[in-house]
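Let's take a walk through a protein model together. Have the sequence and the 3D view handy.

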Amino acid sequence: MNDLLIEKVKGKEKPYVESLRKLLGRFRSPFVSGDSVGIKLHWGERANKGYLPPDYAKEIAAWLIADGAKPFLFDTTVLYSGGRRTAEDSLKTAANHGYTSDFLRCPILIADGMDGREVVDIPSGYRHFKTVQVGSVFDKASGFVIFSHFKGHMVSGFGGSIKNISMGFASRAQKQRMHADYHPVLDPGKCTCCGICVNVCPTKAAGISEHDYPDYDLKKCIGCAQCIAMCPELALRIFWNSDITVFQEKLVETAAAVWKKIRGKTIVINALLNITTECDCLPGKHPIIGEDFGFIGGFHPVVLDEESLAMTGTDIFEKAHPGVPWQRQFSYAREIGFTDTANKEKIE
Ligand code: SF4
Ligand code: SF4
């Protein structure tokens, strides 16, 4: 696609800051001096080993500062227990991963506030959501850089720009609305009754009694999938209460609603580096399933993710997460008009 910028990193040394600098230098920046610009990224869950190092965020911040803009970095709190459930914990996790204001030379915020209540409902009007609720960040920024680590994901197949704008901006309530359609199912033949799923469950839906298998109270379960992700024996699988495609549609609807608010003065960049099977939300070291391709940038998240998949190939994600209908993200985006590129800026 000729409306995207690509910088390949083959044969270069990590971190690939020089390549990102070149990519940024080729953008015709939509930002002007004095603009406050939010850089949205994921700094990795506590004990996750696959997240992107802070060097790239620092480079983006420096690029913005050089043009007189005022960048800040942000993320939102999450549903599951771990190092990002509260704003305080999330900022600590960021710092442990090297994401500090001193290093980045810009502030770091939690968009839904230190108490998770700084949220705003924005219009959606699609099939599943009339409104979507996201972190209150729009009044803090006049533009955005959406910087996404492109990798696998348990329920969306892959995660890139669409997911970063959707789940990444969503309040905890909105995350729950997107995740509400599935719950865990146990394979007793594999379960060793270790109790890890019980310990990580944020709502106490998972319980276990001595000499027994765990069970899951579906009235309390919020479908966060943390138990499934953390089970060392792969004894839990996802049971979809509705068609699995509904999650893909909800993900896209949330992204589309956010995009209506931020398009025009937003650039999107995917880092096709350290492509792991799982998302950076999960602790641990996850298998790498693709080579380091480089950076790809543009002005539309759907276009960017489609081209990213064309570069990596889809087979690596289908093998890691068989049966996930990730294609629905693109067909649904087209159905609801999220692929509108009328306001696309000229890149070079
Ligand atoms: S984490 Fe897995 S193996 Fe351990 S009790 Fe839960 S289901 Fe069983
Ligand atoms: S039982 Fe439900 S709420 Fe608890 S960790 Fe599993 S998916 Fe999340």
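Predicted model: local features only at pLDDT ≥ 70, side-chain atom pairs only at ≥ 80, totals over all residues.

Residues are numbered from 1 along each chain as its sequence is written, chains are lettered from A and ligands numbered from 1 in the order in which they are written, and side-chain values use heavy atoms, leaving out hydrogens and water.

Find strand S7, residues 143–149. Strands (E, at least two residues) and helices (H or I, at least four) are DSSP runs, numbered from the N terminus. In S7, 7 of 7 residues are buried, meaning under 20% relative accessible area with a 1.4 Å probe, protein chains only. In a regular strand the side chains alternate between the two faces of the sheet. Here Gly143, Val145, Phe147 and His149 point one way, while Phe144, Ile146 and Ser148 point the other.

Who are the neighbours? S7 runs parallel to strand S2 (residues 36–40), joined by 4 bridges; pairing takes at least two DSSP bridges. Phe144 partners Gly38.

Now for the largest nonpolar core: buried Ala, Val, Leu, Ile, Met, Phe, Trp, Tyr and Cys residues joined through side-chain atoms within 4.5 Å. Of its 67 residues, Phe138, Phe144, Phe169 and Phe338 touch the most other members. Helix H9 (residues 245–262) gives the largest share, 9 residues.

Key
Buried < 20%, exposed > 50% of the residue type's maximum accessible area, 1.4 Å probe, protein only.
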